Amino acid sequence: MLKTVIFCEHRFMQILHICKQGHQQSATQTAEWKIKSFAARDQPAVNKLRKNKMAIPHITPHSPKQNHLLAALPDADFRRLLPELEAVQMKIGQPLYETGSQMRHVYFPANSIVSLLYVTRNGAATEIAVIGNEGMVGVALFMGGETTQNPTMVKSSGYAYRLKESVIKEEFKHCESLQYILLRYTHALLAQITQTAACNRHHSIDQQFCRCLLSSLDRLPSNEVSMTQEFIANTLGVRRESVTEAAKKLQSAGLIHYSRGHIIVTDRKGLESEVCECYSVVKKEYDRMRSDRIAA
Ligand SMILES: [Zn+2]
C-alpha cells in the first residue's frame, strides 16, 4: 500500500518535497503516477525516496514504444532502428533547435512535450504546435530542409528518443513503413499548425488556455500539468495577467485546481465544454492518423 503523498513540482521539476497541505484528497493513484513520473525522468529524486525508505512502487521506465509513431512500425523495422535510438532527458524550457540552426537529430517524445514556436524579430514567441508522444520533432530533416525557422522548446519534462540526421534520412528513403508513418504524421501536424493560426486570431485567451491544457493532457499520463502561468503566457504569446485571469475563472468554475505552476484538471468534461472548436478539429485529425495506420 502506498503512502498518500503527492510530490509537488513548484519550481519546474527541480525540487522534490512532500506537500503537507492540500492535495490530501488526491488518492493513492495520483501518488503512484507522480512517483512513476519522477522515476522516469529524475533519478536523483528517486534515490532520495529510497534513502528516506519511502515506497517506490512499480517503477515504469520510459520506453521507445511510448511514442506512437515508433510503436506503429512493423516489428522488423522497429528492431532495426532500436540500436540507433538514443534516450535523452528533456527539461522544461530546454531548446532543441534554435532559429536557423543546423538540425542534427529528430526527436520522438516518449513522455515529454515540445513546443514548436515562431519568434518575431523583437523576441516575442508564439506556439504554433505541440508535439508529444503522438509525433516527432524535426520533420524538416526528412522533407529536405537542413535548418528550421521555427525554434523548439521543451514544454513538459520527460524523455524522448532521438535519431541522427543521417539515420532518419537513410531510413526515410528506404523504409516504406516509416516513410508512410512520417508523411501521415506531417499531414496531421500541418493541420494542427493551420488550426492554431486560426485559433490565435479568432478565439479568446480563455479558450486558448483551455486548448493548451487539453492538448497537454492528451500527451501526459495523468490529469496533472506542470507549467507556470508565465510559461503558458509566453507560449501563447499573451500577457501573463491574461493567463492568470483565465486560470482563476476555470478554478472558480471547479474545472481546475491551480497552485504555483502545478495544474490539476478536476473536470475534464467541463474543460472540453469551454474550449473552442480548434481542439476537437486537431484531435480528430490525430485520431484519424492513428486509425489510418491500423487500417494500412
Ligand atoms: Zn481556437
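Q: Which residues does V114 touch, not counting residues up to four places away in sequence?
A: This is a predicted model, in which local features need pLDDT of at least 70 and side-chain atom pairs count only at pLDDT 80 or more, while totals for chains, interfaces and linings use all residues. Residues are numbered from 1 along each chain as its sequence is written. Two residues are in contact if their C-beta atoms, placed from the backbone, lie within 7 Å. With residues up to four places away left out, V114 touches L96, Y107, P109, I131, V137, T152, M153, V154 and K155.

Q: Which residues of the largest nonpolar core touch the most other members?
A: A nonpolar core is a set of buried Ala, Val, Leu, Ile, Met, Phe, Trp, Tyr and Cys residues joined through C-beta atoms within 7 Å. A residue is buried if 20 or more other C-beta atoms, placed from the backbone, lie within 10 Å of its own, exposed if 12 or fewer do, and partly exposed in between. Within the largest core, which has 38 residues, the members that touch the most others are Y107, V114, M136 and Y185.

Q: Which element gives the most to this core?
A: Helices are DSSP runs of H or I with at least four residues, strands are runs of E with at least two, and both are numbered from the N terminus. With 6 residues, the element that gives the most to this core is α7.

Q: How many residues has the other core, which lies apart from the largest one?
A: Among the members of this other core are C212, L214, L250 and Y279. Its count of residues is 23.

Q: How far does helix α7 reach from its first C-alpha to its last?
A: Helix α7 covers residues 176-202, and among its buried residues are L178, I181, Y185 and C199. The expected span of a helix is 1.5 Å times one less than its number of residues. For the 27 residues of α7 the expected span is 39 Å, and the reach is close to that, at 39 Å.

Q: Why is α9 described as largely enclosed by the rest of the structure, and which elements are among those that cover it?
A: Helix α9 is largely enclosed because 6 of its 8 residues are buried. These buried residues are Q229, F231, I232, N234, T235 and L236. What covers them includes β4, β5, β6, α8 and α10.

Q: At what angle do α9 and α10 pack?
A: Axes are lines fitted to C-alpha atoms, for helices over the stretch in contact, and angles run from 0 to 180 degrees between N-to-C directions. The axes of α9 (residues 229-236) and α10 (residues 240-252) are 8 Å apart, and the angle is about 115°.

Q: Which residues of α10 make the contact with α9?
A: From α9, the contact draws on Q229, E230, I232 and A233. Its partners from α10 are R240, S242, V243, T244 and A247.

Q: Is R260 buried or exposed?
A: R260 lies in the loop between β9 and β10, and its phi is near 45°, a positive value in a residue other than glycine. Because R260 has 11 C-beta neighbours inside 10 Å, it counts as exposed.

Q: What distance separates the C-alpha atoms of Q89 and Y159?
A: Q89 belongs to strand β1, and it is partly exposed, with 16 other C-beta atoms within 10 Å. Although Q89 and Y159 are 70 residues apart along the chain, their C-alpha atoms are separated by 4.6 Å.
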